[in-house]
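Welcome, and thanks for taking a look. Please open the sequence and the model side by side before reading on.

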Amino acid sequence: MPDMDEVHSGKNFYLDNPHAITGFFLKGSNSLEWGTKNRLARIFNPKSGKTVMLAVDHGYFQGPTTGLERIDVTIPPLVPYSDALMITRGALRTCIAPEMAKPVVLRSSGGSSILKELSNELVAVDVEDAIRINATAMAVQVYIGGPHEHESIGNLIKVVDAGNRFGIPTLGVTGVGQELGRDAKYLGLATRICAEMGAHFVKTYFCQTNFDQVVAGCPVPVVIAGGKKLPEREALDLAYQAIDQGAAGIDMGRNIFQCDAPIAMIQAVRAVVHEKATSDKAFDQFQELREEFRKTREVAETAQSTG
Ligand code: R5P
């Protein structure tokens, strides 16, 4: 019988003794082979060690999400400001031009909708198609504690094994259902399981208390999702706190594409992630850029109405 208390609450995370990073710049990645490292180095900037991923895969279970009704219209202008694009193969092939040079983190699990049990997923992409589409990584949702926990861990294992045959890394995504927690104990459990099952990097949520323990207990890079739309100042603060406590990046969707000045917002997020800008400084930058965009739009609209 496992000691459930120990399982759920590790005690000593040696926060004053960070995981040694030798050779390759990413935590826990030095023993990977060249191709996998090269793909990871396209997603994570080798200079800052961080990434700003633009997540636009929400339609895979919730249909035309606000801001993603027309991916072909709203997303291409944002892509140049991202380090990687997280997207489904359907949206990629139909809405994004193949000239796009950014690495693709391909949503590779699915099979459920908001109308049913979300954890009931399967592997949604054959690795051959991931290669055909030139995916840089594959992403699989894992629902620890969910009704289909076992199957979702199985999906991760299958995709990690398939990707490993070709040097394609896998992002383990810790899905949170309504019944699942978002505290450090839960997120620590979920991220660690993803890493131990072979995920090369893990996406989770930020938590206000002990997020540094979540990062310390996960032997591969942790990136955080943005979650539901917040006021920009709060979203930048969330990003700042996560990076400050050891996150290797942000995989943000709604807080960028639902913002009324998304290009300004993604640039402000970049400043936090890559330049360690404080959220105050990044918010000032956001406001200045938003104002510039507003003026440019006004000039263009006036020219259109008079011309
Ligand atoms: C949701 O399941 C998707 O995987 C999104 O990629 C993820 O939630 C990040 O997007 P957001 O910042 O909107 O939470």
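## Helices H10 and H12

Let us start with a pair of helices: H10 passes H12 in a right-handed crossing. A crossing is called right-handed if the near helix is turned clockwise from the far one by less than a right angle, and left-handed if anticlockwise. Helices are DSSP runs of H or I with at least four residues, strands are E runs of at least two, and both are numbered from the N terminus. This is a predicted model, in which local features need pLDDT of at least 70 and side-chain atom pairs count only at pLDDT 80 or more, while totals for chains, interfaces and linings use all residues. Residues are numbered from 1 along each chain as its sequence is written.

The axes of H10 and H12 come within 9 Å and cross at roughly 25°. Such axes are lines fitted to C-alpha atoms, for helices over the stretch in contact, and angles run from 0 to 180 degrees between N-to-C directions. H10 and H12 are therefore roughly parallel; angles under 35 degrees count as roughly parallel, over 145 as roughly antiparallel, 65 to 115 as roughly perpendicular and the rest as oblique. On the H10 side, the contact is made by Glu232, Leu236, Ala239, Tyr240 and Ile243, and on the H12 side by Met265, Ala268, Val269, Val272 and Val273. Two residues are in contact if their C-beta atoms, placed from the backbone, lie within 7 Å. By class, the residues of the contact of H10 with H12 are 9 nonpolar, no polar and 1 charged. Here Ala, Val, Leu, Ile, Met, Phe, Trp, Tyr, Cys and Pro count as nonpolar, Asp, Glu, Lys and Arg as charged, and the others, Gly among them, as polar.

## Helix H13 joins in

How does H13 sit against H12, roughly parallel or roughly antiparallel? H12 and H13 pack at about 155°, with their axes 8 Å apart, and they are therefore roughly antiparallel to each other. Their crossing is right-handed. H12 brings Ile263, Ala264, Met265, Gln267, Ala268, Ala271 and Val272 to the contact, while H13 brings Ser279, Ala282, Phe283, Gln285, Phe286, Leu289, Arg290 and Phe293. The contact of H12 with H13 has 11 nonpolar, 3 polar and 1 charged residues.

H10 (residues 232–244) and H13 (residues 279–306) meet as well: their axes come within 9 Å and cross at roughly 140°. That angle makes H10 oblique to H13. Glu232, Arg233, Leu236, Asp237 and Tyr240 in H10 meet Ser279, Ala282, Phe283 and Phe286 in H13. The residues of this contact divide into 5 nonpolar, 1 polar and 3 charged.

## The nonpolar core

The largest nonpolar core has 92 residues, and those with the most contacts inside it are Val56, Val105, Ala239, Val269 and Val272. Such a core is a set of buried Ala, Val, Leu, Ile, Met, Phe, Trp, Tyr and Cys residues joined through C-beta atoms within 7 Å. Helix H12 (residues 262–275) gives the largest share of this core, 8 residues. Beyond its neighbours within four places in sequence, Val269 is in contact with Val52, Leu236, Ala239, Ile250, Met252 and Ile256.

## Loops and positive phi

Most residues other than glycine have a negative phi. Asn134, which is not a glycine, has a positive phi near 65°. Asn134 is placed in the loop between helix H6 (127–132) and strand E6 (137–142). Asn134 is exposed because it has 11 other C-beta atoms within 10 Å; a residue is exposed with 12 or fewer such atoms, buried with 20 or more, and partly exposed in between, C-beta atoms being placed from the backbone.

Lys276 also has a positive phi, about 55°, although it is not a glycine. Lys276 is in the loop between H12 and H13, and with 14 C-beta neighbours inside 10 Å it counts as partly exposed.

Pro77 lies in the loop between helix H4 (71–74) and strand E2 (84–87). Pro77 and Ile263 are 186 residues apart in sequence, and their C-alpha atoms are 7.7 Å apart in space.

Arg192 belongs to helix H8 (residues 184–196) and is in contact with Gly217 and Cys218, leaving aside neighbours within four places in sequence. Asp244 is in helix H10, and its C-alpha atom is separated by 29 Å from that of Glu292, 48 residues away along the chain.
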